[in-house]
Amino acid sequence: MTTTELCNLLEIEYPVLQGGMAWIADAPLAAAVSNAGGLGLIAAGVSSAEYVSEQIKEARRLTDKPFGVNIMLMSRNAEAIAELVAKEKVAVVTTGAGSPSPYIKLWIDAGIKVIPVVASTGLAKMAQRWGATAVIAEGSESGGHIGETSTMALVPQVCDAISLPVIAAGGIADGRGIAAALMLGAAGVQVGTRFLVAHECSVHQNYKDKIIKAKDIDTVATGKRLGHPIRSLKTPFSRELYSKEYDSNISNQELEALGKGALKLAAEEGDLQQGLFMAGQIAGLIKEEQSAQAIIETLMSEAQATLSRAASWAN
Amino acid sequence: MLEKITSILREFKGDDSLVVTEETTFEELGIDSLDSVELVMSIEDEFDITIEMSADTQSIGDLIKSIDAA
């Protein structure tokens, strides 16, 4: 089976991390992924430290395997959650939507493996300097908060820029994606959208149905004007957001307010009108709901088959 | 020094007429924590130094102090 240095480093069986999807990645999903041999993540999103604390307890009840917490650094609760994970000594912390520099020392001192999500070689180099354990190089194919550079272009450049293990993310939902990521120099992958349709994922059924129905061209990036673009499925609401972005009569504050709470509406209530269904461009590849274990087994057997065939190209 | 930083900032922001003073803050320039990392990397390349950035680095003046200390 395909194991990499990352597996030893994170004490996991397969080099597959589950994406830290806000309002979606909770303890049952994280524990299911970890139990299946990957690394499950609880997403802190904009939730309170109390919520994250309960989720950590619940995940520990559901699995004895390592799991992580993803901290969204733009959240006003980021500092409280940063201190909580240090106190709880969770195995891994991943960070997104900002620079984790104020907290890295605290986490490393607590024995936590720190893996910032980076969208540029600059942040990757800085993360290495701060003492990060690895980085997640996340291309703009991803769902949710995204950078400018695609996975194909970003991953090899990040691999060249730093000596830490690099985890590729964005556009990976099957074994071919994993094999390709390893070929680009990555030591593992992070998969978000495919785990959205895991049986253990508590997201609203409408959300899962939309992922299964999505085609390759069904996502859109909004929020570029605000400096933090977000990829989601095309819906009447995301189209409205997109068009308002180019309307100079609408202020940035109004635009920001418009998108507030829309992911939660999608995740918890499946609101097809006002919800924002964040998903990656690879959603079109995802055709069925499966257990987290079946997803990981499928991913890894496909990767193994693809990698075995790859050798024939070298002859 | 201020001149060189201004030129880096102009390139960074894509604004040829940008004017900054030592009192100008990153916040005023619309530079968030991620942008500031990219900015520091550009400055390190330009001056061939390694800069220690901290949460206290909030203005161009603070940045000049970090460059001088490098």
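Student: Is A:Arg60 buried, partly exposed or exposed?

Tutor: This is a predicted model, so every value here is computed from it. The cut-offs are these: buried means under 20% relative accessible area and exposed means over 50%. A:Arg60 has a relative accessible area of 37%, so this residue is partly exposed.

Student: With which residue does A:Arg60 form a salt bridge?

Tutor: The general idea is that side chains of opposite charge can pair when their charged atoms come close. A:Arg60 forms a salt bridge with A:Glu88, and the closest N and O atoms are 2.7 Å apart. This pair links distant parts of the chain, since A:Arg60 belongs to helix 3 of chain A and A:Glu88 to helix 4 of chain A, 28 residues apart.

Student: How far apart in helix 11 of chain A are A:Glu240 and A:Lys244?

Tutor: In general, an α-helix has 3.6 residues a turn, so residues three or four places apart point the same way. A:Glu240 and A:Lys244 are four residues apart in helix 11 (residues 236-245) of chain A, and about one helical turn separates them. They form a salt bridge whose closest N and O atoms are 2.8 Å apart. A:Glu240 counts as partly exposed at 28% relative accessibility, and A:Lys244 counts as partly exposed at 25%.

Student: Now the sheet. What is the order of the strands in chain A?

Tutor: A strand order lists the strands as they lie side by side. In chain A, eight strands form an open sheet in the order 1-9-8-6-5-4-3-2, and the pairing is parallel. Strand 1 (16-18) and strand 2 (40-43) of chain A are at the edges with a single partner strand each, so one side of each is left without a neighbour in the sheet. On average, neighbouring strands of this sheet are turned by 25 degrees against each other, direction ignored.

Student: Which strands does helix 3 of chain A touch?

Tutor: Helix 3 (residues 49-62) of chain A packs on the sheet and touches strand 2 and strand 3 (67-72) of chain A. Its direction makes about 165 degrees with that of strand 3 of chain A. Helix 4 (residues 78-88) of chain A also packs on the sheet, touching strand 3 and strand 4 (92-96) of chain A, and its direction makes about 160 degrees with that of strand 3 of chain A.

Student: Which residues are buried in helix 6 of chain A?

Tutor: In helix 6 (residues 121-130) of chain A, the buried residues include A:Gly122, A:Leu123 and A:Met126. Their cover includes strand 5, strand 6 and helix 7 (151-161) of chain A, together with helix 2 (33-47) of chain B.

Student: What area is buried between chain A and chain B?

Tutor: About 780 Å² is buried between the two chains, and carbon and sulfur atoms give 66% of that. Ten residues from chain A and nine residues from chain B take part in the contact. One salt bridge is counted between chain A and chain B: B:Glu44 pairs with A:Arg129, the closest N and O atoms being 2.6 Å apart.

How values were computed: Residues are numbered from 1 along each chain as its sequence is written. Chains are lettered from A and ligands numbered from 1 in the order in which they are written. This is a predicted model: local features need pLDDT of at least 70, side-chain atom pairs count only at pLDDT 80 or more; totals for chains, interfaces and linings use all residues. Side-chain values use heavy atoms; hydrogens and water are left out. Two strands pair if DSSP finds at least two bridges between them. Helices (H or I, at least four residues) and strands (E, at least two) are DSSP runs, numbered from the N terminus. Axes are lines fitted to C-alpha atoms, for helices over the stretch in contact, and angles run from 0 to 180 degrees between N-to-C directions. Contact means heavy atoms within 4.5 Å. Buried means under 20% relative accessible area, exposed over 50%, partly exposed in between (1.4 Å probe, protein chains only). Buried area is the accessible area (1.4 Å probe) that two parts lose on being put together, summed over both. A salt bridge is a side-chain nitrogen of Lys or Arg within 4 Å of a carboxyl oxygen of Asp or Glu.
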